[in-house]
Amino acid sequence: MSSEPSIRFVTRQDYDQWLPLWDGYNAFYGRSGATALASEITQMTWSRFFDAYEPMHALVAEHDGKLLGLTHYLFHRSTISIAPNCYLQDLFTSEAARGKGVGRALINGVYEQARRAGSPRVYWLTHQTNHTAMQLYDKVAEHSGFVVYRKQL
């Protein structure tokens, strides 16, 4: 890639390029084929990006009219601060764009949006086996040391 990708908010016209990235992200985490997300979930996720009452947002990385990656983030309240925290929920780049600064640019885009919203921090989760991404994450953030517990209900 000869120049930096532009980072911008997703638009309704991006759906056809966003969807394969979203599907790739979900496949990476084992949500494909028999375990794929229901289409209603994908449609609701997409619609939330354009609902002013939703705290969920989406940025995309674009170069020469082609989407190279996506990130979805949301703001939420916390018991330990007044300003909302920013949770970077999803981050994915196309295979061809990996190692070319797209992931870093998307994370920086979320940082910028969090600053504008007055958020004191951005945080995210990744699977412990996601070593490639963690090499980047170790450069752009600090590992908090927290362990996540969950229970499906």
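Start by selecting Asp14, which sits in the loop between strand E1 (6-9) and helix H1 (15-28). Keep in mind as you click around that this is a predicted model.

Is Asp14 buried or exposed? Its relative accessibility is 6%, so Asp14 counts as buried, the cut-off for that word being under 20%. To see what surrounds it, show the residues it touches, skipping neighbours within four places in sequence: Arg8, Phe9, Trp46, Val60 and Leu67 are in contact with Asp14.

**Next stop: Asn85**

Now pick Asn85, which you'll find in strand E4. Asn85 has a relative accessibility of 3%, so this one counts as buried too. Which side chains does Asn85 pair up with? One partner is the side chain of Ser78, at 3.5 Å. Another is the side chain of Arg121, with a polar contact of 3.4 Å.

**On to Lys100**

Follow the chain to Lys100, in the loop between strand E4 (81-93) and H3. With 43% relative accessibility, Lys100 counts as partly exposed, because that label covers values between 20% and 50%. Zoom in on its side chain: it reaches the backbone oxygen of Ala96 at 3.1 Å.

Now bring His76 back into view. How far apart are the C-alpha atoms of Lys100 and His76? They are separated by 31 Å, and the two residues lie 24 residues apart along the chain.

**Last stop: two helices**

Select helix H3 (residues 102-116) together with helix H4 (residues 131-140). Two packed helices are described by the angle between their axes and the distance between the axes. Here the angle is about 40 degrees, and the axes of H3 and H4 are 11 Å apart. That angle makes H3 oblique to H4.

Which residues make the contact? On the H3 side, show Gly103, Arg104, Ile107 and Tyr111. On the H4 side, show Leu136, Tyr137, Lys139 and Val140.

Key:
Residues are numbered from 1 along each chain as its sequence is written. This is a predicted model: local features need pLDDT of at least 70, side-chain atom pairs count only at pLDDT 80 or more; totals for chains, interfaces and linings use all residues. Side-chain values use heavy atoms; hydrogens and water are left out. Axes are lines fitted to C-alpha atoms, for helices over the stretch in contact, and angles run from 0 to 180 degrees between N-to-C directions. Helices (H or I, at least four residues) and strands (E, at least two) are DSSP runs, numbered from the N terminus. Angles under 35 degrees count as roughly parallel, over 145 as roughly antiparallel, 65 to 115 as roughly perpendicular and the rest as oblique. Contact means heavy atoms within 4.5 Å. Buried means under 20% relative accessible area, exposed over 50%, partly exposed in between (1.4 Å probe, protein chains only). A polar contact is a pair of N or O atoms within 3.5 Å; within protein, one must be able to donate a hydrogen and the other to accept it, and residues adjacent in sequence count only if both atoms are side-chain atoms.
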